[in-house]
Amino acid sequence: MRYLTTLTLLAISGISHAAPEVHYDQCKSSFNYKLNTYLGTTDADNSGQQWCYLKSPVDGSSWGIVREETIPLQQTRGGENCNAVTEYQGEKIHGCTSKNHTSPWCYKPSGGWDECKLPAGEPLLAHSQLNTSKRLDTISAGSCFKVKGDMPAAMSRVIAQQPDLFLWLGDNIYADTTDMALMAQKYDDKKQNADYKRFLEADIPVMATWDDHDFGANNDGKHYPKRAQSQQAFLRHYDVPADDPRFNGQQGIYSAKIAGPVNETTHVIMLDARYFRSPTFSSYGQCEGENSTILGQQQWSWLQAELNKKSEIKIIASGIQVLPPLNRERNKSSYCAYGDGKQFDQAISNLQEQDMSGTNYESWAEMPQQREKLLRMAQKSMNDGNAKAIIFVSGDQHWGELLQKNMPASTEHGGEVALYEVTASGFGQNWPYHIPNPLRLPVYADTAGNGNFNNQCKLPFKYGGIEYKGCITLDNTKPWCYTELDSSGKGIEGKWGNCAPTGATIPTGKVGVVSADIAALTTGDRHLVNKSGSNYGKIDIDWQKRAIKMAIETASEEAVSTVINF
């Protein structure tokens, strides 16, 4: 909603006198103002007078000044009364506010604060389910949902784009609890958020997986004690039909659907990287060495059966990133999957990544054997003719990213193929710190301005004694990079080119869009969007041209995209 002051409220009401004085019974039990939810009343932007939005207009006004003696005390979830007045950041609230929190809270007479008991309201809206007979032209994806920042604008943009399917990729709430009542309430709080309600009202079909914070505990896996109960809460929130296998004996929330008519099929596979997951580090449980697993035997068998099914395109969702290689800043023996190191190192060598280092945050690379297994299965699926393109989508990281892994040829798995990933994370989140990743999509450049964009930029490069992680405009009218470096990382004189702009043809297809403000959106090259506030992923399929556009969207624009052919 717009940020309204008393003066603008009066102007909108079309009256010249002050807002009406009302009894609290005339107030809405819950209302939103400046991105915050209130239970009770507030003096925000109203010169110290308590006000609320009204159930029904009074004298043409949608809000009113509330007689303080009529305002009841709110209660916390623990059953304790709130303070009569909660003073916070210069604001006085008679009741509860969600300011700087995910749900309404108040200060308590006994000291400290607690979340508030929510009023009984209208029935919660339900998520829409995918109609598999319909062709998928646009798939959007997001994760890490928080009620803060520019989340409302990002959700509005998603709703305006009306994707055929939205994929929720984990941390869909921040539960971090073994209290299933609290977890259920947090799911319900999300559905009651005004911006998320508009998403539900837009009737956009969804599929979903989870990550650690909605699964139950930070970085946890199979040792989380309430995983079965958490699965039920997840299925309830996403309104999964009662006859779904996940309600009827299946352990884990993995699922898959193939949508679209013949020759225009998209196979959407949602992995569960939590329910069966072995500890990644000893702090999360006893290490299992070479026996470490992410998906568990049953889910691996199911995934193989899915990858044996034919479709034009496969979208594989994971709560954690798939393509970034192992981070080398840690001692390899600190990883639980290391064991005696032989299988661990062989998996890295098989993918020709001995000299690479990626993100130090959670990813599949923490179990190299499991990552190689997944990528090789995808490679074989393509070489067996079961898919013309495979794109992973992932969340968790609090940044957006476009990635590409060229899989080395293998006698068992077939010829070289390119696998892609769109990391989309998240709503009300950002992470403006540089993240190393050698498997980001390449940035291409021409040869000293000749307009043929067929050289890869060598990133990072040194120019004038300074290291740059992306294209620069220094001493040139267009963004440029070096295409060859010496052993110290310094650009070789004359070996440079202008970076491929929006619409340019490149060896892998075409550049989609490069934001005019891309330098303000990233700490690195254009395919890392980590300074935007909210971001989400978008995949557009042009079935006539047999082309796929992968994009990172912000709350206000398409930040960067690339087009590949299939």
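Q: How far apart are the mean positions of the positive and negative charges in this protein?
A: First, the counting: Lys and Arg are taken as positive, Asp and Glu as negative, while His and the chain ends are not counted. Each charge is placed at NZ of Lys, CZ of Arg, CG of Asp or CD of Glu. Here the 55 positive and 64 negative charges have mean positions 3 Å apart. Bear in mind that this is a predicted model, where local features need pLDDT of at least 70, side-chain atom pairs count only at pLDDT 80 or more, and totals for chains, interfaces and linings use all residues. Residues are numbered from 1 along each chain as its sequence is written, and side-chain values use heavy atoms, leaving out hydrogens and water.

Q: How many helices and strands does the protein have?
A: Helices (H or I, at least four residues) and strands (E, at least two) are DSSP runs, numbered from the N terminus. On that basis you get 10 helices and 30 strands. With a radius of gyration of 26 Å, close to the 24 Å from the globule rule for 566 residues, the protein is as compact as a globular protein of that length. That radius is taken over C-alpha atoms, and the rule is 2.2 Å times the number of residues to the power 0.38. The C-alpha atoms fill a box of roughly 80 × 60 × 50 Å along the principal axes.

Q: What share of the residues is buried?
A: Buried means under 20% relative accessible area, exposed means over 50%, and partly exposed is in between (1.4 Å probe, protein chains only). In this model, 56% of the 566 residues count as buried. As for contacts (heavy atoms within 4.5 Å), take those with a separation of 6 or more: residues 24 or more positions apart account for 68% of them.

Q: Which residues of helix 2 are buried?
A: In helix 2, residues 151–161, they are Met151, Pro152, Ala154, Met155, Val158 and Ile159. Their arc around the axis is only 165°, which puts them on the same side of helix 2. That arc is built from the directions from the helix axis to the C-beta atoms. The packing partners of these buried residues are strand 11 (165–168), helix 4 (194–201) and strand 28 (535–542).

Q: Where are cis peptide bonds found?
A: Look at omega. The bond from Ser425 to Gly426 is cis, with omega near 0°, and Gly426 is in the loop between strand 18 (417–423) and strand 19 (444–445). Leu459 and Pro460 are also joined by a cis bond, with omega about -5°. Pro460 belongs to the loop between strand 20 (455–456) and strand 21 (461–463).

Q: Which residues does Ser29 touch?
A: Leaving out residues up to four places away in sequence, Ser29 touches Tyr24, Tyr38, Leu39, Gly40 and Pro119. Ser29 is in the loop between strand 1 (21–22) and strand 2 (31–33), and counts as partly exposed at 39% relative accessibility.
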